[in-house]
Amino acid sequence: MFENLAPRPTDPIMAIMEKCKADTRAEKIDLGVGVYKDAAGQTVILESVKKAEALWGAEETTKSYVGTVGNQDFCQDMLELMLGKDNPAITEGRIGAAQAAGGSGALRLGAELLAVVAPNATVWASNPTWANHIPLISSAGLKMDSYPYYNRETLGVDFEDMLSHLNDKAARGDVVLLHGCCHNPTGADLSPAQWDELAGFMLQRGLTPYVDLAYFGLGRGMSEDTYGLRKLVATVPEVLLAASCSKNFALYRERVGLVAAITATADKSAIARSQFGAIQRKIISMPPDHGAAIVTRILRDEPLRKLWISELDAMRERMLGLRAQLSDALNVQGGETMAAAVKNQNGMFSTLPLSKEQAEALRSEHAVYLMNSGRINIAGANSENIPRLAEAILAVI
Ligand SMILES: Cc1ncc(COP(=O)(O)O)c(C=O)c1O
């Protein structure tokens with residue numbers, strides 16, 4: 001039967017990564033792949049993680065299965081971290097959560113839950129959105145459509161268009177996928193006032209938010225980055241949440257994430273949790289333990305928690321510093337809109353208004369590797385190469 005296998009087209013990110021790897025120019029700048037890098041271009045293991053691993057290694061007593069819904073201490077700690085300990089959804093027991101294999105696993109479990117409870121709902125995703133959202137969610141058998149989000153001229157969020165499109169096209173009971181912060185690929189986030197308005201709109205139109213929180217702590221700060229989620233949870237009776245610890249704990253390959261259903265009443269939360277367990281059982285049976293155990297170890301140990309917060313702050317501040325530096329360097333005639341956007345956008349990504357040909361010219365003539373869409377990962381730059389990066393961008397536009 002394998003003679004019938006047709007080769008799959010190469011993933012565009014992988015193709016660009018390969019080209020970058022093969023490029024021997026010493027001055028090359030890799031802004032392609034979506035992982036955080038330090039000033040030396042390394043994706044290092046956090047010190048807090050190293051310490052927690054050592055402690056956990058000495059304490060761990062079994063490698064037996066962790067159960068279909070995974071480590072519930074981890075789920076509790078993560079929910080408290082994102083929503084605040086005193087959040088009524090937590091104190092009233094209105095959240096059913098499960099540990100998942102990364103943010104991607106969480107997104108898929110959430111989509112599978114939607115396929116059980118709302119098989120006819122359409123899931124609306126921003127245009128553009130993270131490339132893997134569509135395969136991850138539509139593979140659960142759900143219909144997907146898109147709403148306008150990023151304006152490639154102003155390089156900001158087209159909030160009015162977003163609301164009016166959803167108002168005209170989305171049906172009651174549909175689901176709206178929202179990037180909780182650090183929108184991938186654009187870096188353009190809603191302001192607190194826009195989150196407030198969106199929450200009221202979702203309530204009034206009977207739409208369910210599905211919040212993807214993959215970068216919290218890496219945008220403007222923990223409370224700023226969770227503002228939208230908290231506002232929605234306070235306003236709309238039911239919210240679905242997929243969170244990842246890949247970026248903020250730099251635990252990428254450990255595959256640690258969380259899916260949660262915030263239910264209108266406490267009696268439904270245990271049912272939602274058991275549904276997540278039953279769904280996970282059908283896909284991977286049980287999530288891996290290590291990453292979640294490390295996150296729990298960090299969050300429950302005051303010195304480790306402080307160390308992690310300081311490391312998270314350092315990652316975020318480094319990116320904000322690079323954004324400010326790139327913005328200053330782009331702030332010349334013709335680069336003003338980009339300069340303002342790069343400074344105001346959040347997290348690792350920005351989408352610059354470049355054509356595929358301009359992106360190609362940046363790669364071939366300037367050894368600057370970015371996606372054809374114009375997406376850059378700011379963490380791939382450093383303070384020494386930013387002036388050259390800005391010059392290269394200005395040269396191709
Ligand atoms: C917007 C968004 N959501 C979710 C994820 C999932 O991350 P992971 O599965 O690595 O935890 C990513 C990763 O790049 C992302 O960019």
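**View 1. A395 sits in helix α16, residues 386-396.** Helices (H or I, at least four residues) and strands (E, at least two) are DSSP runs, numbered from the N terminus. The model is predicted: local features need pLDDT of at least 70, side-chain atom pairs count only at pLDDT 80 or more, and totals for chains, interfaces and linings use all residues. Residue numbers start from 1 along each chain as its sequence is written. A395 is exposed, because 12 other C-beta atoms lie within 10 Å. Here, buried means 20 or more other C-beta atoms within 10 Å of a residue's own, exposed means 12 or fewer, and partly exposed is in between; C-beta atoms are placed from the backbone. A361 is 34 residues away from A395 along the chain, and their C-alpha atoms are separated by 9.6 Å.

**View 2. The whole chain has 16 helices and 13 strands.** Its C-alpha atoms fill a box of roughly 60 × 55 × 55 Å, taken along the principal axes. Of its 397 residues, 47% count as buried.

View 3. Domain 1 covers 11-45 + 305-396, and domain 2 covers 65-300. These bounds come from an automatic or database domain assignment. The C-alpha centres of the two domains lie 27 Å apart. In domain 1, 23 residues are in contact with 24 residues of domain 2. Contact means that the C-beta atoms of two residues, placed from the backbone, lie within 7 Å. On the side of domain 1 that touches domain 2, α13 (302-330), α14 (336-344) and β11 (349-351) each supply at least two residues. Helix α13 gives the most, with five residues. By class, this side has 11 nonpolar, nine polar and three charged residues. Nonpolar means Ala, Val, Leu, Ile, Met, Phe, Trp, Tyr, Cys and Pro; charged means Asp, Glu, Lys and Arg; the others, Gly among them, count as polar.

**View 4. Helix α14 has buried residues M338, A341 and V342.** They cover an arc of only 100° around the axis, so they lie on the same side of α14. The arc is that of the directions from the helix axis to the C-beta atoms. The buried residues of α14 pack against β6 (156-157), α13 and β11.

**View 5. Around the ligand are 13 residues.** G102, G103, S104, S244 and S246 come nearest. A residue is near if its C-beta atom, placed from the backbone, lies within 6 Å of the molecule. Helix α5 (residues 102-117) gives the largest share of the shell, three residues. The shell divides into three nonpolar, nine polar and one charged.

**View 6. Two prolines follow cis peptide bonds.** The bond from N127 to P128 is cis, with omega near 0°. P128 is found in the loop between β3 (122-127) and α6 (133-138). A cis bond also joins N184 and P185, with omega about 25°. P185 lies in the loop between β7 (175-179) and α8 (192-205).

**View 7. A250 and A367 have positive phi.** Most residues other than glycine have a negative phi. A250 has a phi of about 50°. Its place is in the loop between β9 (239-244) and β10 (257-262). A250 counts as buried, because 22 C-beta neighbours lie inside 10 Å. A367 has a phi of about 55°. Its loop runs between α15 (356-366) and β12 (368-369). A367 is partly exposed, with 18 other C-beta atoms within 10 Å.
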